[in-house]
Amino acid sequence: VCVCVAAREVVRFPMALRRVLCLGDSLTEGYVDGGRRFMPYTTTLQARLEEAFPKHQLTVVNAGVSGECVFDDMPKRLEKMLSANGNFDFFVLLGGTNDLGYGRSQAEICGSLESMVQKMEKVGVKHSFLVTIPETQYFFMERGQSTYDKCLAINQQLRAFAATLPSRRSVVDLHAAVPHVKAQDCALRDNPKYTVTQGDPGNWDDSLHLSTKGYAKFGHLVFEAMRAVLEQAPATAAAAEEAAAPAAA
């Protein structure tokens, strides 16, 4: 687990942001170069948060474990992390790529992801950010089409799940933002069922993992989603205060 700590001065803020948990698999751990190096998106996220909110004490915890599945393994690890490390203010969750590879169903994958978000909400997390599962080269092989269909359905379900409680859930659409470099070469490009976009080769390290540039882009995406929530917080707090004020005589 990689922990990054920012400036020490603490000031009041309508939505206090002190601790961020980023949970996931190798795409959270920042796997590059066959696992010989790790360049996680949380490095960029930490830097952007420090730059935007220099007077706040912020801790971003990278809890990515390469090869981990969201079905069974990740929820158990989350329970242990909460017992050992306490609660968090923001929660970023990306998982499911490995589960797709093992043939897990949409219900199993989404059920685990949604249950982890609900668990964090119960223990007091202010906002959760669900990251859509990105493309992999395997999706564009002929035998991978059914897996790609499942991935698209899972991402759509995650969007619908977030929309049921927008005050506490957001979607970070990594799938749309970083299309795979092999997408345009696939047999699906002429199928009107799919929106196939050519990816930037610089964003990809291999058939599955992002490059250093790709992880940096990922970090920017998460930051922008967090900033939107944080910038909305003052207006939300003011509206709540106005609603609670006694009516004029």
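Helices are DSSP runs of H or I with at least four residues, numbered from the N terminus. The legends below describe close-up views of a predicted model.

View 1. Gln46 belongs to helix 2, which spans residues 41-52. The relative accessible area of Gln46 is 5%, so the residue is buried, the limit for that class being under 20%. A polar atom of the Gln46 side chain lies 3.4 Å from the backbone nitrogen of Val60.

**View 2. Strand 6 and its two faces.** Strand 6 comprises residues 90-94 and is mostly covered, with five of its five residues buried. In a regular strand, side chains alternate between the two faces of the sheet. In strand 6, Phe90, Val92 and Leu94 point one way, while Phe91 and Leu93 point the other way; all are buried.

**View 3. Pairing of strand 6 with strand 2 and strand 7.** Strand 2 (residues 19-24) runs parallel to strand 6, and five bridges join the two. Within this pairing, Cys22 has Val92 of strand 6 as its bridge partner. Strand 6 is also joined to strand 7 by four bridges, again in a parallel arrangement. Here Phe91 has Ser128 of strand 7 as its bridge partner.

**View 4. Packing of helix 5 against helix 6.** Two packed helices are described by the angle and the distance between their axes. The axes of helix 5 (residues 106-122) and helix 6 come within 10 Å and cross at roughly 30°. Angles under 35 degrees count as roughly parallel, and helix 5 and helix 6 are therefore roughly parallel to each other. The crossing of helix 5 past helix 6 is right-handed. On the helix 5 side, the residues that meet helix 6 are Gln106, Ile109, Cys110, Leu113, Glu114, Val117 and Gln118. Their counterparts in helix 6 are Lys150, Ala153, Ile154, Gln157, Leu158 and Phe161.

Key: Residues numbered from 1 in each chain as written. Predicted model: local features only at pLDDT ≥ 70, side-chain atom pairs only at ≥ 80, totals over all residues. Heavy atoms only, no water. Buried < 20%, exposed > 50% of the residue type's maximum accessible area, 1.4 Å probe, protein only. Polar contact = N/O pair within 3.5 Å; in protein donor to acceptor, adjacent residues only side chain to side chain. Pairing = 2+ DSSP bridges. Axes fitted to C-alpha atoms, helices over the stretch in contact; angles between N-to-C directions. Parallel < 35°, antiparallel > 145°, perpendicular 65-115°, else oblique. Left-handed = near helix turned anticlockwise from the far one by under 90°. Contact = heavy atoms within 4.5 Å.
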